[in-house]
Amino acid sequence: MMLTGAVGFGLLISPQAALSLLPREIYSTFANYDLSTIPLFILMGQVAFHAGISKRLYETAYHFLGHIRGGLAMATVSACTAFGAVCGSSPATAATMSSVGIPEMKRYGYADSLAAGAVASGGGLGMIMPPSVVLIVYGVLTGQSIGKLFVAGIIPAVILTALFIVAIAGVCMRNPDAGPCGERYDWPARLRSLGGLSDTIIVFALVIGGMFKGLFTPTEAASIGVAGVLGVSVIRRRISWSGFVQSLQETLRTSCMVMMLIAGAVVFGKFLAVTRIPFDMAGQVAGLDLPGWAVMTAILGIYFLGGCFMDSLALVMLTVPVFFPVVLGLGYDPIWFGVVIVLVTEMGVITPPVGINVYVVYGMTRKIAPTIALESIFKGILPFLLAIILGIAVLFVLPQAVLWLPGLMD
Amino acid sequence: MNALTSTLSVIERAMRALAACCLACMALITVIDVTGRAFGHPLFGSEEITAFLAALAVAMSLPYAHSQRSHIAVELFYVRLGRTARTAASLLTGTLSLAAFGVLSWRMARFALTTRESGEVSMNLGLPEWMVMGAVALGCAVFTLMILRDILRLVTGVEQA
Amino acid sequence: TMLTYSNFFPPTHIQSKLAHEWAKEVEKRSGGEVMVQYFPGGTLTKARQAYDGVVQGISDIGMSALAYSRGRFPVMAAVDLPLGYTSGVGATSVANEVYRHFKPEELSDVKVLYFHAHGPGILFTKGKKVEKLEDLQGLKVRATGNSAKLAAALGATPVAQSMPDAYQSLRKGVVDGGFYPMETNKGWKMAEVVDYCTESYPAAYTTTFFVVMNKAKWDALSDNAKKVLEEVSAEWSVKHGEAWDSSDEEGREYFVEKGGSFIPLSKAEGKRWQDAARPVIDQYIEETTAKGLDGKAIVDFTERSLKSAQ
Ligand code: NA
Ligand code: NA
């Protein structure tokens with residue numbers, strides 16, 4: 001991808017320019033403060049994993065949901081949404097939740113495609129649930145209130161989580177082996193299992209509480225989370241020095257791969273920009289003489305196609321300025337459009353060929369579950385794609401789902 | 001060949017240790033900044049330091065990531081090939097990536113040098129950022145050498161793809 | 001000839017729209033001899049890479065801020081000092097004057113088309129009223145690069161954050177305020193999260209933006225094309241300055257609409273702020289002199305042209 005991008009750029013502009021572009025783009029991706037939270041959120045997940053926190057979390061979830069088919073996958077996507085309230089980036093959510101969720105789901109005999117599909121798609125919930133990098137960029141580009149955009153994302157994130165749960169139930173109905181039923185626990189056992197949640201609750205309270213009290217920003221929450229998980233684990237003597245070193249190494253390996261992939265996508269995006277394909281496409285749609293809903297569908301179609309090949313942030317940067325006036329002219333609400341765009345671009349992060357979340361999850365699983373093939377992850381996301389499309393349809397029919405909460409802010 | 005392999009693995013381990021330190025420091029810096037801020041003494045430029053440490057951590061772990069074969073490459077279609085075809089495909093992709101990362105290391109080093117000459121420093125703390133760029137170039141260079149080692153191994157038949 | 005133009009301002013920003021109009025005007029007046037492909041929002045090169053990108057030929061023309069390359073433009077950096085700016089038009093005129101007068105070596109690897117500079121950067125706070133210098137002591141204030149030096153000199157504790165982060169930090173009360181131009185209240189929605197504007201104009205700074213062109217591409221142009229570019233650039237630099245002022249006006253209205261209130265400084269208090277900011281300027285002179293330039297002369301000229309401009 002990086003190579004194609006660089007060669008293409010060289011042909012369109014000049015080889016000299018391409019050779020200069022390469023180190024600059026790669027360096028600025030590596031030394032990007034917002035992206036630097038990715039290794040930290042991965043580290044947080046790794047430390048939690050090595051300290052057994054995730055295991056206890058899943059044991060608890062299993063006590064409650066294990067007897068339902070696909071119950072752990074349902075717990076995973078719910079956990080993704082909860083984690084998304086701390087994390088502004090969708091690959092980072094996918095990375096953290098895959099190191100936590102996949103080993104547990106494998107342990108309980110879940111199918112590769114369901115386990116990996118759930119975390120890759122669930123990562124997208126991290127972008128829709130505020131804070132969200134894409135919504136910040138959208139707000140700045142279009143002059144919309146970032147605060148309102150954030151609040152607007154909450155209900156759609158919850159709706160989508162529910163739809164994901166329905167999708168998982170659907171998968172398990174068609175193929176009961178994908179998410180096998182476990183035994184049913186009685187209520188005393190379930191309540192006892194809640195004790196396993198204490199570490200998580202302490203860390204969660206620290207991170208969420210600190211953010212709401214204004215002690216640190218969402219971007220800084222990654223580091224605080226690492227310190228919190230580590231602190232709790234050390235005090236309770238649940239992590240060894242070698243476990244800590246292992247989590248550092250595992251984090252390095254994975255983040256290195258993730259950052260290389262992002263750098264590749266960035267270089268490819270530059271190539272796409274100089275072909276002017278995104279600009280031309282946007283211009284053409286804006287000129288169509290069709291009813292409003294048809295133009296909107298066409299616009300969303302372009303976002304979906306673009307998302308297949310590009311990083312969602314770059315795509316939003318390229319196209320929102322062209323579509324935004326069109327959308328306003330058709331009478332759609334700007335806040336609503338922002339949330340819908342995030343939903344559509346989150347489809348992009350799980351579709352081939354450039355599905356960052358899928359690659360992230362694949363990279364994470366190399367060590368913890370090396371049997372999972374890239375193909376089966378792409379297969380596993382299908383039901384979730386349908387769920388997102390359904391979610392967008394819901395937002396079309398019921399725009400109040402987006403606009404009700406921000407309306408309360410006035 | 002053996003000398004190259006053993007030297008590389010020593011370098012790889014040293015760089016990995018450094019990368020791990022950078023990663024740990026990233027979290028530490030923010031914690032210090034946030035704690036300090038609560039008491040009215042934030043650490044100025046902590047975002048900048050964190051971003052540099054992130055670049056260093058990624059660059060220094062490039063060789064380690066390679067030694068763990070974590071690159072996805074074309075694994076999807078690899079599994080469908082026979083042994084000879086697989087070796088040939090490995091050689092081809094190996095040579096391509098050798099060329100690509102060779103060029104990248106060279107350009108990254110030049111980028112570091114031109115930045116140093118321009119007198120440009122980091123925006124908030126005025127740190128010599130070209131050094132971080134140089135470290136990224138170093139990471140890429142070692143990464144390139146490791147690809148070279150793999151190709152030599154394939155050619156000499158020490159290891160099958 | 002087809003030229004590529006990279007601008008880090010997002011396409012919806014007035015400064016980006018103006019740059020796009022510049023491109024169209026150049027196409028029109030050159031009778032189609034010069035065509036421009038315009039890339040806004042950092043889609044071709046990001047803010048920090050725009051200058052280097054032009055030198056290296058990644059784009060043929062680029063607009064960005066000099067401040068992103070700290071240390072690289074020692075002479076022009078004088079314009080960004082807290083000299084007490086009062087308008088974007090004034091700051092823009094000073095930037096172009098300083099360039100014309102010194103023709104600094106630091107910009108010799110490109111063809112400079114024009115500069116523009118934003119309106120006065122002043123203090124905004126949330127919750128805490130800053131009426132005199134003492135009120136500012138120890139407050140955590142969002143500021144980067146140049147404005148961070150100013151914040152520190154005035155006794156505040158600078159916190160370097162990106163604008164989206166600053167919005168969040170202010171909303172949650174992680175920081176107490178920020179130094180920025182009035183337009184940012186609307187452009188980055190900062191008015192939603194701040195309450196007070198201390199009219200710290202006597203110590204107001206600015207940020208200089210450049211529009212530069214790849215040298216080889218410039219040399220290859222016909223004489224007529226060069227003339228058109230120079231003409232349009234001269235006209236547009238004024239327009240950019242005016243646009244900064246009208247954005248400031250919109251930012252002011254939005255700030256008032258969101259319930260913000262102003263805290264004027266008395267003449268005597270203003271003088272105290274000006275004096276407190278002086279070490280930033282002295283430090284600049286010292287650093288520039290160490291680089292073998294006449295720092296004192298640069299500052300003197302800049303201050304003189306500021307006085308005649310406003
Ligand atoms: Na989020
Ligand atoms: Na995709």
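Tutor: Because the model is predicted, local features need pLDDT of at least 70 and side-chain atom pairs count only at pLDDT 80 or more, while totals for chains, interfaces and linings use all residues. Residues are numbered from 1 along each chain as its sequence is written, chains are lettered from A and ligands numbered from 1 in the order in which they are written, and side-chain values use heavy atoms, with hydrogens and water left out.

Student: What makes C:E25 and C:R29 a salt bridge?

Tutor: The term requires a side-chain nitrogen of Lys or Arg within 4 Å of a carboxyl oxygen of Asp or Glu, and the closest N and O atoms of C:E25 and C:R29 are 2.9 Å apart, so the pair meets the definition. The two residues are 4 residues apart in helix 1 (residues 14-29) of chain C, which separates them by about one helical turn; helices (H or I, at least four residues) and strands (E, at least two) are DSSP runs, numbered from the N terminus.

Student: Why is C:E25 called buried, and what is C:R29 called?

Tutor: Buried means under 20% relative accessible area, exposed means over 50%, and partly exposed lies in between (1.4 Å probe, protein chains only). C:E25 has 16% relative accessibility and therefore counts as buried, whereas C:R29, with a relative accessible area of 31%, is partly exposed.

Student: How do you know that C:D52 and C:R72 tie together parts that are apart in sequence?

Tutor: Their closest N and O atoms are 3.4 Å apart, and they form a salt bridge. C:D52 lies in helix 2 (residues 50-56) of chain C and C:R72 in the loop between strand 3 (61-65) and helix 3 (88-102) of chain C, so the pair ties together parts 20 residues apart in sequence. C:D52, at 11% relative accessibility, counts as buried, and C:R72, at 12%, counts as buried too.

Student: Why is C:K227 called exposed?

Tutor: Its relative accessible area is 51%, so C:K227 is exposed, while its salt-bridge partner C:E231, at 34%, counts as partly exposed. The closest N and O atoms of this pair are 3.9 Å apart.

Student: What salt bridges are found where chain B meets chain C, and where chain B meets chain A?

Tutor: Between chain B and chain C the count is 3 salt bridges, including B:E129 with C:R48, whose closest N and O atoms are 2.9 Å apart. Across the interface of chain B and chain A the rule finds 0 salt bridges. A network of salt bridges links A:R24, B:E120, B:E129, C:R48, C:D52, C:R72 and C:D109.

Student: How many residues are in contact between chain B and chain A, and what area is buried there?

Tutor: With contact meaning heavy atoms within 4.5 Å, 44 residues of chain B are in contact with 40 residues of chain A. The buried area, which is the accessible area (1.4 Å probe) that two parts lose on being put together, summed over both, is about 3,800 Å², with carbon and sulfur atoms giving 76% of this.

Student: How do you know that the span of helix 4 of chain B agrees with expectation?

Tutor: The expected span is 1.5 Å times one less than the number of residues. The 36 residues of helix 4 of chain B should therefore span 52 Å, and its end C-alpha atoms are 51 Å apart, which agrees.
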